[in-house]
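Look at the chain below and follow how its parts pack against one another.

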Amino acid sequence: MLTNQKITEFLQNTAAGTPVPGGGSVSALSAALGAGLTEMVANLTVAKKGYATVENEMKDIAETGRNLREKLVAEVDTDSKAYADVLTAYKLPKTTVAEKEQRTQAIQAAMKNAARVPLGVAYDALQVMDLAEKVIKNGNRNAVSDGAVGVMMARTAALGALLNVKINLSAITDKGFVNEMMRESNKMESRVRAREIEILSYVKI
C-alpha cells in the first residue's frame with residue numbers, strides 16, 4: 001500500500017517512470033494534508049485563552065477533519081488501484097471475437113471507475129476547504145497561515161482530481177456517462193475556484 005511507505009519512498013515511486021502513483025493519488029494526499037492542517041488549527045484553538053466560545057466548534061471541526069483525512073488517505077491507494085485495474089484490463093487477451101468483447105467491456109468499466117474515484121476526491125477536498133474556512137474565521141489567529149495552506153492544498157487536490165476525471169472520460173464511449181461526469185466536473189471546478197477566493201479573503205496577516 002502506498003500509504004504505508006515512507007515519504008521519501010512515496011516520492012521516489014511517484015518520480016519513477018511508472019503510471020502509479022500518479023496525479024490522482026497525489027491529489028488525494030494533498031487533500032489529506034489540507035485536512036490535517038485544518039485539524040491542527042482546530043486543536044491549537046481548543047483550551048486556549050480567548051477562544052472559549054468556539055471550543056466546542058473546534059472540537060467538532062477536529063473530529064470531522066480527522067474523518068476526512070483518514071478517508072482521503074485511503075483514497076490515495078484507491079485511486080492507484082483504480083488505474084491499475086485499467087492497465088490490467090488493457091492486458092486482457094484479444095485473440096477471439098469473444099475475448100475482444102470481454103476486454104472492451106472490462107476496459108470501459110475500469111475507466112468509468114477511474115473517473116468516479118477522483119471525482120469523489122474532489123468532493124472530499126471541497127469539504128476540507130469548507131472546514132478550513134471555519135478555523136480561518138474563528139480559530140487560533142497565530143495559526144491562520146496554516147489554515148490558509150490547508151485551503152490551498154485542498155484546492156489543488158480538487159482541481160488535480162478533476163483533471164484526472166476529465167482525462168479518463170476521453171477513453172469512455174458511454175456518451176451519457178461522459179456528459180454527466182463532465183457537467184459535474186465543470187460545476188465542481190467553478191465552485192472550488194470561487195471558494196478559494198472567498199475563503200482566502202478572510203486571511204488577514
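A nonpolar core is a set of buried Ala, Val, Leu, Ile, Met, Phe, Trp, Tyr and Cys residues joined through side-chain atoms within 4.5 Å. In this predicted model, the largest such core has 57 residues. The members that touch the most other members are M58, A115, M129, L169, I172, M181 and V192. At least two core residues come from each of helix 2 (23–45), helix 3 (55–90), helix 4, helix 5 (144–169) and helix 6. Helix 4 gives the most, with 17 residues. In soluble globular proteins, nonpolar side chains tend to be buried together.

Leaving aside neighbours within four places in sequence, I172 is in contact with Q108, M111, K112, A115, F177 and V178.

Now take D124, which lies in helix 4 (residues 97–138). Is D124 buried or exposed? The relative accessible area of D124 is 3%. Buried means under 20%, so D124 counts as buried. Beyond four places in sequence, D124 touches L68, K71, L72 and E75. With K71 there is also a polar contact between the two side chains, at 3.3 Å.

E196 sits in helix 6 (residues 175–200). This residue has a relative accessible area of 16%, so E196 is buried too. Not counting residues up to four places away in sequence, E196 touches M129, M152 and R155. A154 is 42 residues from E196 along the chain, and their C-alpha atoms are separated by 9.2 Å.

Key:
Residues numbered from 1 in each chain as written. Predicted model: local features only at pLDDT ≥ 70, side-chain atom pairs only at ≥ 80, totals over all residues. Heavy atoms only, no water. Helix = DSSP H or I, 4+ residues; strand = E, 2+ residues; numbered from the N terminus. Buried < 20%, exposed > 50% of the residue type's maximum accessible area, 1.4 Å probe, protein only. Contact = heavy atoms within 4.5 Å. Polar contact = N/O pair within 3.5 Å; in protein donor to acceptor, adjacent residues only side chain to side chain.
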